[in-house]
Amino acid sequence: MRKRQISQTPSSVPSSGQVWLDVEHTASVEVTSEENGFPIESALLGVEGGWRAADAGPQAIRLIFDEPQKLRRIWLVFEDSENTRMQEFVLRWSSYNGDSFREIVRQQWNFSPPDSVREAEDYAVELSGVTALELIIVPDKSGGAARASLASFRIA
């Protein structure tokens, strides 16, 4: 019998050779809210500080591509070192200009500072003809006042 040990935890850093999609020039972005000093561009372009919503409650980030895209990888990083909460997010895509969506993943995560403050998700996908990619974040499933935040949202 041949046996290998595998890791159950996704790598915490994307490979340095990864070529990320240039969303600044290939897509427009829609966002429900953003706090001054924490624009969505920070998460999409890998800038320190990331994005943070101006308001509590569910938030949506939608990328609308100028041309249909073929996506192979989606990298998300959420961080919160201040609030104990259960967050849920849904990642979905459309090939119909956002008129209908197909779910990629629905995930819940418990933030519990100081031990559990970072969630990194690395999804290998095979999606063709993507015209819109949407991330919906429910920052606190119990309805608390926590605001959604996103350290990194990269696609390839």
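This is a predicted model: local features need pLDDT of at least 70, side-chain atom pairs count only at pLDDT 80 or more; totals for chains, interfaces and linings use all residues.
Colleague: How many bridges join strand 4 to strand 5, and in which sense do the strands run?

Modeller: Strand 4 and strand 5 are joined by nine bridges and run antiparallel. Strand 4 also pairs with strand 6, residues 118-138, in the antiparallel sense, over seven bridges, and within that pairing Leu91 has Leu135 as its bridge partner in strand 6.

Colleague: And is strand 4 mostly covered or mostly open?

Modeller: Mostly covered, since eight of the 10 residues of strand 4 are buried.

Colleague: What sits in the loop between strand 4 and strand 5?

Modeller: Phe101 is found there, in the loop between strand 4 (85-94) and strand 5 (102-111). Not counting residues up to four places away in sequence, Phe101 touches Arg62, Arg92, Trp93, Ser94, Ala132 and Glu134. The C-alpha atoms of Phe101 and Leu133 are separated by 8.6 Å, with the two residues 32 apart along the chain.

Colleague: Back to strand 4, then: why does Gln87 count as buried?

Modeller: Gln87, which lies in strand 4, counts as buried because its relative accessible area is 1%, and the cut-off for buried is under 20%. The side chain of Gln87 makes a polar contact with the side chain of Arg85, at 3.0 Å. Leaving aside neighbours within four places in sequence, Gln87 is also in contact with a set of residues including Phe78, Gln107, Trp109, Glu119, Ile137 and Lys141.

Colleague: What about Ser149, buried or exposed?

Modeller: Ser149 counts as buried because its relative accessibility is 12%. This residue lies in strand 7, residues 147-150, and a polar atom of the Ser149 side chain is 3.2 Å from the backbone oxygen of Glu79. Not counting residues up to four places away in sequence, Ser149 touches Trp51, Arg52, Phe78, Glu79, Arg85 and Ile137.

Colleague: Changing topic, which residues have the most contacts inside the largest nonpolar core?

Modeller: Those are Leu76, Leu133, Leu135 and Phe153, in a core of 30 residues. The elements giving two or more residues to this core are helix 2 (40-45), strand 2 (51-56), strand 3 (59-79), strand 4, strand 5, strand 6, strand 7 and strand 8 (152-155). Apart from that core lies another, of five residues, among them Trp75, Val77, Ala120 and Ala156. As general background, nonpolar side chains tend to be buried together in soluble globular proteins.

Colleague: What is Phe153 in contact with, beyond its neighbours within four places in sequence?

Modeller: Phe153 is in contact with Ala43, Leu44, Ile61, Leu63, Ile74, Trp75, Leu76, Leu91, Leu133 and Leu135.

Definitions and conventions:
Residues are numbered from 1 along each chain as its sequence is written. Side-chain values use heavy atoms; hydrogens and water are left out. Helices (H or I, at least four residues) and strands (E, at least two) are DSSP runs, numbered from the N terminus. Contact means heavy atoms within 4.5 Å. Buried means under 20% relative accessible area, exposed over 50%, partly exposed in between (1.4 Å probe, protein chains only). A polar contact is a pair of N or O atoms within 3.5 Å; within protein, one must be able to donate a hydrogen and the other to accept it, and residues adjacent in sequence count only if both atoms are side-chain atoms. Two strands pair if DSSP finds at least two bridges between them. A nonpolar core is a set of buried Ala, Val, Leu, Ile, Met, Phe, Trp, Tyr and Cys residues joined through side-chain atoms within 4.5 Å.
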